[in-house]
Amino acid sequence: ISLSRNHVLVCFLLQVLICRNYKGDVDMSEIDHFMPLLMQHEEEGLLCPVMSHGNVHFMWIKHSNLYLVATTNKNSNASLVYAFLYKLVEVFTEYFKELEEESIQDNFVVVYELLDELMDFGFPQTTDSKILQEYITQEGAKLEVAKSKVPTTVTNAVSWRSEGIKYKKNEVFIDVIESINVLVNANGSVMSSDIVGSIKLKTMLSGMPELRLGLNDRVLFGLTGRDKGKTVMMEDVKFHQCVRLSRFESDRTISFIPPDGESELMSYRINTHVKPLIWIESVIEKFSHSRVEIMVKAKGQFKKQSVANNVEVRVPVPSDADSPKFKTSTGNAKYVPEKNLVVWTIKSFPGGKEFLMRAHFGLPSVENEEAESKPPITVKFEIPYFTVSGIQVRYMKIIEKSGYQALPWVRYITQSGDYQLRTNV
Amino acid sequence: MQEWANQLCENRQFGSKMTDSKYFTTTKKGEIFELKAELNSDKKEKKKEAVKKVIASMTVGKDVSALFPDVVNCMQTDNLELKKLVYLYLMNYAKSQPDMAIMAVNTFVKDCEDPNPLIRALAVRTMGCIRVDKITEYLCEPLRKCLKDEDPYVRKTAAVCVAKLHDINAQLVEDQGFLDTLKDLISDSNPMVVANAVAALSEIAESHPNSNLMDLNPQTINKLLTALNECTEWGQIFILDCLANYTPRDDRESQSICERVTPRLSHANSAVVLSAVKVLMKFMEMLPKDLDYYGTLLKKLAPPLVTLLSAEPELQYVALRNINLIVQRRPEILKHEMKVFFVKYNDPIYVKLEKLDIMIRLASQANIAQVLAELKEYATEVDVDFVRKAVRAIGRCAIKVEQSAERCVSTLLDLIQTKVNYVVQEAIVVIKDIFRKYPNKYESVIATLCENLDSLDEPEARAAMIWIVGEYAERIDNADELLESFLEGFHDESTQVQLQLLTAIVKLFLKKPTETQELVQQVLSLATQDSDNPDLRDRGYIYWRLLSTDPVAAKEPPSAFVEGSRGVQHKRLPGSTESESPDTASAAAVSDAPPAVIPSQGDLLGDLLNLDLTPPTTTGPPPPASSGMQMGAMDLLGGGLDSLLGGDLGGSPAIGAGFGAPPAAMPASFSAPVSGGLDDLFDLGGGVGMPMGAYSAPKTVWLPALKAKGLEISGTFARRSGVIQMEMTLTNKAMSVMTDFAIQFNRNSFGLAPAGPLQVLTPLSPNQSIEVTLPLNTVGPVMKMEPLNNLQVAVKNNIDVFYFSCQYPISMLFVEDGKMERQVFLATWKDIPNDSEAQFQIKDCHLNAASNKLQGSNIFTIAKRTVDGQDMLYQSMKLTNGIWVLTEMRVQAGNPVYTVKKCVYIYIANMVDRI
């Protein structure tokens, strides 16, 4: 019902690295139960992001080899806790490049300062790292002056952009990136497919500019009664906090004051059934005690003018396979034994083309006792200058009171997201 | 810890690196003294270095509390970084050195008036974290000032400090009037301050559940909604969580709040989205369902929920847990989104299991084929827990979607063929559940199950198999051998298996008393004399006594017992509820049976046999699957959703108990009223001049005017074009006008209930009569009545409430599709044990007319033959609750006396489907 009650925030690796008790109601020694508890859950195969010991709950995430753990003894808002933990990772990464054991030890003073500023009594406060960097700095001693006042941004309605930013040349770079998620059954039927799009900005604009982004959004065109060209139906849209959500809700206008530098302005999900851009047909035959024969056919199901780059088809092989032999009609195949994969790489894959890869592995005569899991074939690729949904940036209006001219640049790219094809073996 | 710090200096070359980690190197002996000296140094830089070293030692868990006075001495500095470090130290050690902590108070008070707002905020923030009573008194004045500070950064920090102080000394906060100041901050011009004030107030309100602290009214709500648009993502969450506690006055206010909250569904922060969903789910309750906006809102909820599934796994997990609740409350929101819950290979196990659960909840006839194909795929994975759950899921599908049961069974059989041990065991447990839900339907698979008997080593699977053998003992030739084989190691079995074995053998004995006398003796003596387990002993004694002292019970047709046990499938004896296996509960939760009160069966042994369904597993831990995933006292969306979902959650005993009850509620004494009904049918018409169609008796007086202050009710029952009707004449024999009629039925054997209100639209004047037809349905609560066809009715009018009871003809319950295929009829006829048979004499009936006329009453003639000069009619009928009755009627030539030779009831609702 209420907020994160008590967070002892802890990042640690086998031993507690650093912690911060935001409220006094959970004993700091409780954290000693975390690691054994984690091991126990792991052993039972019942890993869970929430674990309890007595009346203390541990909510944790893992980042490289660090565990970030929040403890609470109340009924907390769990999504807030996880969102905050991920925010921590984000802030620390922006501060220290890498979030790891070493960087925390090297900067423990700043880490303490940040923890102090990020959350108070279990309530997350200012978590925008760009703004934080204005008053919590790594070379504290040198910047005494800057630190002596609170940036107004901290408490402003516009809490993501500072005043007084200056650029010689005012530009905005817009990247429209669409990821294709596909799940295909072993018999070749597409179980689910969707497009997750993301519009990223690199803003290099002076002052406090007002931006408006125009897309070929079907709902917008429906509202305004316009009907020209192709429109896109976005199933769901998520915005950076800079976008005025109520404005979008009422008239589908995407208006905002952008954060400086790089940011993700929005993401969207499109449900329309897309033809998998790279279609894989595979025949994997396993002859127990002797060999595995793999035949994979990849077909580019997109426009002839487009080219998919850096295509990787990852085909699982049994963990006890040996002596690989490959034959490919293009690109090259490599055996990655530590991942039990054959990775077939095609640097450039034109639309409409079809390629073939054959692989042959030996199997030991003594069979592996353990049952093997059945990982799917996965595919990675990117197709530049093209969005599969047909989404387009129609305009980007930039208005600043000083009246400068600014240039928007747009790039489109389509890439593989979670692209899985189940196999029979 | 010391090693860790030492190791640190060994492993790294610090010389070149000017980082904080160098401070960790100084933890060596005698170092406290060194530090003390450095802390008292005149040089600022040296002081600062020393404090850093102290903090470093503190971080690695070393006790540096001895340095308290020295560190506090460093507090008065204008170096912000140093000040922060000292404050950090204070927070850690003030509690262990309360007297010394007072030393710091002066500086705190001074810092609260510092021109630098950062320092003012820091001081007020830190003071709140020092949980020492003596200090709190000094905190009040500075806090009061900071709450009214000109800088919003200080105000927002002070707002939180009120909550901190309240946690330490609630009375003080109230006495000082801080709560009112905090409430004023809700109207602050700065959204961050509003958000923190809301957060602090919610926090305080939580510890005073009854105080109307938040005092939410339309004005404050409006302020909150305005701040919602402007504050940070976290502030939005505080405000949304607070809004969720508000109860709007009417549906219009509810709608306007919803309209202003919906834009939050587009926020990039998943936690904001989930909090918004929580608010919307709650306020949606207030909206009338026919409102256009209600539909719009429903549609808006699905896409953001689906998008949450591409968040980080932990957030996905929280989202899934909440979706699970939402799906139970409003399945329509996500009914078309089944595919997004399909499990991906790389999902973490907790996400997989949660998705699986939601898939079952969303399973319906429309998507069941797809779901089953997926589940089968999962069941061939290698992750044992996941596979087990997938197999269970197949069983739950069978129970939830009746049409899919056959497919599920064949999928399970395929899986059994894989011979993967844990898959087989899981499948058998699940098939037992399917058998319970659809008795006598799939027993053709029993042979396959028996083949795997030896491979079962898990108690649950063994118990399930034993149950199956006992239940279907009459169809398994070597049932006695199979059960006997378990007896050998009786004492090594788990309680669950022992109890099951005991019950199964008693069942077997009732079915085949002659051959199994010895076996039952053996198990009873094992259970009662050689066992230390009180549950087992008690049950053994009860069976024993019943079998030996109640010859009547023992001689009763065995089916009666079996039926009894089916009828009350999930009835729980008091005390066994808490130990009930979660799996059963979940299976029950997915079944669509309406919550119904279980008929109280008169048959004690029947009830007892049924104990085996809920073994008192007081020993042993709960199954691991649930313990791992259970959230314990904490639910993920802060307790809100589940409470607003209220009693509708599945798995609650009330719903569980209703599982499968109505159709199976068939009492043993059924034959009597049937004969009565038939008698009526035959008696009356004489076969001449009766119009085709259902027979209906003339009205009789049910409620004499004398007993009902002048209201006389006479009536009858009829079945007209498939609808059961209660036809009544209401007569007003009083002196005054009667109005406001209403009718209600008590629970009855077939769940009869009014399908609509009693339609008496005009007031009934004195001496006036009115004809009323009340359509009935059979979905009401079930309770066995004596006689079976008794119906207790309450009629209310403006004068009083009156009660009467009447009896309805059983023929009214014969449904239109009661005609059985000839083949099925023959097969079934043979299968029915002779004990389930009853004979009646019927007088004065004409054969030729009988067949047609009976058909009019939904009694269908299946076949006719003549043997030894006797005409024989074979007939079938089906009752509303799915029970079939098969009859044979003999007609002696030239003698108008007819004998219903065989009146049989069997339990299979869907016998026809099987063949």
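Student: By the rule, how many salt bridges are there over all chains?

Tutor: Over all chains, the rule counts 50 salt bridges. A salt bridge here is a side-chain nitrogen of Lys or Arg within 4 Å of a carboxyl oxygen of Asp or Glu. The idea behind it is that side chains of opposite charge can pair when their charged atoms come close.

Some ground rules before we go on. This is a predicted model, where local features need pLDDT of at least 70, side-chain atom pairs count only at pLDDT 80 or more, and totals for chains, interfaces and linings use all residues. Residues are numbered from 1 along each chain as its sequence is written, chains are lettered from A and ligands numbered from 1 in the order in which they are written, and side-chain values use heavy atoms, with hydrogens and water left out.

Let's start in chain A. A:Asp175 and A:Arg411 join their side chains in a salt bridge (2.8 Å, N to O). A:Asp175 sits in strand E8 (residues 171-184) of chain A and A:Arg411 in strand E23 (residues 407-421) of chain A, so this pair ties together parts 236 residues apart in sequence. Helices (H or I, at least four residues) and strands (E, at least two) are DSSP runs, numbered from the N terminus. A:Arg411 is exposed, at 57% relative accessible area. For these words, buried means under 20% relative accessible area, exposed over 50%, and partly exposed in between (1.4 Å probe, protein chains only).

Another chain A pair is A:Arg291 with A:Glu293 (3.0 Å, N to O). A:Arg291 is partly exposed at 30%, and A:Glu293 is partly exposed at 26%.

Now hop to chain B, where the side chains of B:Lys83 and B:Asp111 meet in a salt bridge (2.8 Å, N to O). B:Lys83 belongs to helix H5 (residues 80-93) of chain B and B:Asp111 to helix H6 (residues 98-111) of chain B, so parts 28 residues apart in sequence get tied together. Both partners are tucked away: B:Lys83 is buried at 2%, and B:Asp111 is buried at 5%. Chain B also has a network of salt bridges linking B:Arg388, B:Arg392, B:Glu426, B:Glu458 and B:Glu460.

Finally, the place where the chains meet. Across the interface of chain A and chain B, the rule finds nine salt bridges. One pairing of side chains between the two chains is A:Glu249 with B:Lys300 (2.8 Å, N to O).
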